[in-house]
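Hi,

Here is the structure I promised to pass on. Have a look, and then read on for what turned up in it.

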Amino acid sequence: MMLRQLALAAALIACLPARAQLPEPVTRLLAEHGMRPEAVSALVLRGDQVLLSHLAERPMQPASTMKLVTTLVSLEHLGPVFRGRTELLTNGDVKGETLKGDLVLRGGADADLSGEVLEGMLRALHNAGIRRIEGNLVLDRSVFNPARLDVGLPPFDESPEAYYNVIPDALLVNKNMLQIDMRSTDKRLQLEMQPALAGVTIASNMTLVDADCAAWENGWKLPQVVHTENDRIKVVLQGTYPKNCAKTNSINVLERDAYIDGLFRLTWKQLGGKLSGKTVAGSAPLDARLLAEHRARALPEVVRDTNKPSDNALARTLFLSLGALEADPVLGSRPLPAVADQTTYTRADATIRNWMRAHGIDDSGFVIENGSGLSRIERISPLQMGSLLRAGLRSNWMPEFLASMPIAATDGTMRRRLGNSPAAGRARLKTGTLRNVVAVAGYVPDASGVQNVVVAMVNDDLAGEGRGRAVVDALVDWVAKSGTVPSP
């Protein structure tokens with residue numbers, strides 16, 4: 001099988017023209033928007049036939065189409081039974097209603113770790129008769145190396161508090177997000193914060209203005225986090241906000257240990273429990289025993305929730321899981337044995353490259369930074385992406401992979417695109433967008449119902465404001481209209 005894949009890949013490369021003419025609808029739109037054909041790299045494959053190849057061997061910024069690499073390799077490498085997991089452990093003794101020792105909350109890339117999940121795990125402790133913890137709460141993120149990739153990393157853009165910018169770790173509760181409900185009258189702004197956290201309050205320094213409620217984000221500024229006496233924290237909203245407006249926003253502004261500390265203490269208190277120690281970072285002792293656990297949904301469901309809405313945090317978590325975890329048919333997952341001097345990123349990168357080479361895909365020029373596409377340095381060529389998509393059609397997990405991709409004019413990030421095209425309801429396409437990047441990659445049935453692999457990437461400073469999107473959608477529409485229309 002491997003030799004056949006290598007032969008097919010070699011044959012595909014051999015028949016690629018150095019350059020091919022882009023379809024007229026695409027070149028026309030490029031000209032209208034002031035972009036040159038060299039801004040586009042594209043590949044269309046119909047079976048083993050190259051229908052279109054335009055600078056297809058050139059590495060390009062893929063934006064979120066890179067998630068196809070992460071999710072397909074995750075399905076193939078980790079398998080459909082893989083589940084991230086979270087554990088509560090201790091090596092302390094339970095005397096009556098008291099746990100005499102530290103309680104360890106150990107993360108294992110659980111994509112579904114939420115406040116509700118944490119409450120369920122703490123309720124299991126309560127049901128076991130534990131009411132008091134005489135020790136520290138130890139937060140164990142050691143399954144990833146380093147444990148905190150977010151620490152000291154400069155912000156990707158001017159919105160570090162936004163969900164799409166969340167950098168995962170192995171113990172990410174609620175994605176570290178605070179949901180803020182903002183309701184104003186002519187004179188007052190009322191705020192509510194979810195989830196409630198012990199020691200954390202929210203306040204406003206916003207100015208109420210006469211403005212369109214629908215455009216409330218125009219006055220938004222990065223909130224301040226103020227540390228007050230007695231280790232309390234105040235989140236202070238900044239900027240302006242329209243009068244008589246009701247909106248909700250989710251923000252990532254709290255330090256992660258403080259977030260978990262506040263959530264744990266309030267939840268445990270509401271269950272009637274007490275914690276005497278501090279919240280500290282650390283690792284579970286070797287003799288720790290399991291008190292409670294949670295397992296995430298199976299990998300195919302997480303893959304779907306990664307690709308349909310283009311979730312960066314989930315994609316990055318899967319990428320890191322490739323370098324840190326393996327599937328376990330009983331537990332869901334377990335840590336890989338540690339390898340000296342190898343980071344989780346190094347091992348994840350090697351896993352993906354080894355998979356590519358095993359499928360006859362030359363990884364020259366391929367650069368993966370975090371597996372989500374939210375990167376200035378990630379690169380992949382349409383030829384490499386197209387070869388990956390062809391491998392997806394041969395994969396044992398092809399149904400799960402295809403089911404994860406947005407459907408044109410129907411759902412996910414494609415729900416409002418190509419509604420007037422024959423691709424509507426038929427094409428399955430992963431989208432990608434950055435300031436200077438627009439891309440699509442996936443599967444498009446033509447007029448005769450034959451499945452085509454389509455990859456198109458626009459890298460140009462003029463690609464924004466819908467211009468690059470119009471170009472790649474025109475190519476998808478052209479493919480959907482190509483082929484022979486069946487006779488009635």
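Phenylalanine 319 is buried, its relative accessible area being 1%. Buried here means under 20% relative accessible area, exposed means over 50%, and partly exposed is in between (1.4 Å probe, protein chains only). Tyrosine 345, at 33% relative accessibility, is partly exposed.

Before I go on: this is a predicted model, so local features need pLDDT of at least 70 and side-chain atom pairs count only at pLDDT 80 or more, while totals for chains, interfaces and linings use all residues. Residues are numbered from 1 along each chain as its sequence is written, and side-chain values use heavy atoms, with hydrogens and water left out.

Back to the rings. Rings of Phe, Tyr and Trp (its six-membered ring) pair if their centres lie within 6.5 Å; planes under 30 degrees apart are stacked, over 60 edge-to-face, and the rest tilted. That gives three aromatic pairs. In one of them, phenylalanine 319 and tyrosine 345 have ring centres 5.9 Å apart and planes at 50 degrees, so the pair is tilted. It joins distant parts of the chain, with phenylalanine 319 in helix H7 (residues 312-321) and tyrosine 345 in helix H8 (residues 344-358), 26 residues apart. Helices (H or I, at least four residues) and strands (E, at least two) are DSSP runs, numbered from the N terminus. Ring pairs also link Trp216, Trp220 and Tyr241 into a cluster.

Next, the disulfide (a pair of cysteine sulfur atoms within 2.5 Å). The whole structure has one: cysteine 213 with cysteine 245, sulfur atoms 2.0 Å apart. Cysteine 213 lies in the loop between strand S12 (207-209) and strand S13 (220-227), and cysteine 245 in the loop between strand S14 (233-242) and strand S15 (246-251), so the pair ties together parts 32 residues apart in sequence. The torsion about the S-S bond of cysteine 213 and cysteine 245 is about 70 degrees, so the disulfide is right-handed. Both cysteine 213 and cysteine 245 are buried.

Finally, the nonpolar cores: sets of buried Ala, Val, Leu, Ile, Met, Phe, Trp, Tyr and Cys residues joined through side-chain atoms within 4.5 Å. The largest has 50 residues, and Val69, Ile352, Met385, Leu389 and Phe401 have the most contacts inside it. Helix H3 (residues 67-78) gives the most to this core, six residues. A second, separate core of 45 residues includes Leu125, Leu191, Met193 and Ile260.

Cheers
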